[in-house]
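Hello,

Here is the structure I said I would pass on. Please have a look at it first; my notes on it follow below.

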Amino acid sequence: AHARRAPARTTRSQSRPGRQCRPGSGWATPACRRPTPSGGINGKMSEVHAAMGLCNLEHWEEIEEKRRIIWGQYRSGLNGYVRFQAWPEGSTNNCSYAPILLRDELQVKAVQAALTSCGIESRRYFWPSLDEVGYSSLNVSCPVSRNLSNQILCLPIYPDLSSLDVAKIIEVVAGIIDAGK
């Protein structure tokens, strides 16, 4: 009798059916990933990404300062148009994201569409609310989280974003809000 070998894992990708996914042959590629049965974190990092992080670590103070300047421009330019997160005493904003709180989801979609039409990418990082994505077997509703997640839009924030681009983003956001009043 011959020993049976376990079948190789195959992809879930329909674009490359039958591709064998084995360690050493592209195991970590998107085509070889299987759906996760439960929620988790996006905590994966390749050695190249880790090396880039280490290279940039020595520039972190400069990067953070540039982000703080951009964040300050957003806060002053959009003051009265949007709401911003309040930071509890003793905590600080590292300016990794530039979330703005808009009136409702319709306004979020209108602002995002206007930014997109100008070639500006914005993201809804904190949407949907985690109680809506089915990670938990608990049947709970988090109405405050749901409401906030529908109102948040994150504006671009990165060290090389120019003051002219920030001014354009502010102009687009303020223009949509003014048009909807």
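**What was found**

The chain holds 5 helices and 4 strands. Read from the N terminus, their order is β-β-α-α-β-α-α-β-α.

Please keep in mind that this is a predicted model. The average pLDDT of the chain is 81, and 76% of the residues reach at least 70. Residues 1-36 have a pLDDT below 50, and in the model this stretch makes 33 contacts beyond near neighbours in sequence.

On the chain as a whole: it has 181 residues, of which 27% count as buried. As for contacts between residues at least 6 apart in sequence, 61% of them join residues at least 24 apart.

Leu-54, Leu-57 and Trp-60 make a nonpolar surface patch of about 330 Å². Of these residues, Leu-57 lies in helix α1, which covers residues 47-57. Is Leu-57 buried or exposed? Its relative accessible area is 57%, and because the cut-off for exposed is over 50%, Leu-57 counts as exposed.

If you open the model yourself, the patch made by Leu-54, Leu-57 and Trp-60 can be a place to start, with residues 1-36 to be read alongside their pLDDT below 50.

Regards

How values were computed:
Residues numbered from 1 in each chain as written. Predicted model: local features only at pLDDT ≥ 70, side-chain atom pairs only at ≥ 80, totals over all residues. Heavy atoms only, no water. Patch = residues over 30% accessible without salt bridge, like charges linked within 9 Å, V, L, I, M, F, W, Y side chains within 5 Å. Areas by Shrake-Rupley, 256 points an atom, 1.4 Å probe, with all protein chains shown as cover. Salt bridge = Lys/Arg side-chain N within 4 Å of Asp/Glu carboxyl O. Helix = DSSP H or I, 4+ residues; strand = E, 2+ residues; numbered from the N terminus. Buried < 20%, exposed > 50% of the residue type's maximum accessible area, 1.4 Å probe, protein only. Contact = heavy atoms within 4.5 Å. pLDDT = per-residue confidence, 0-100.
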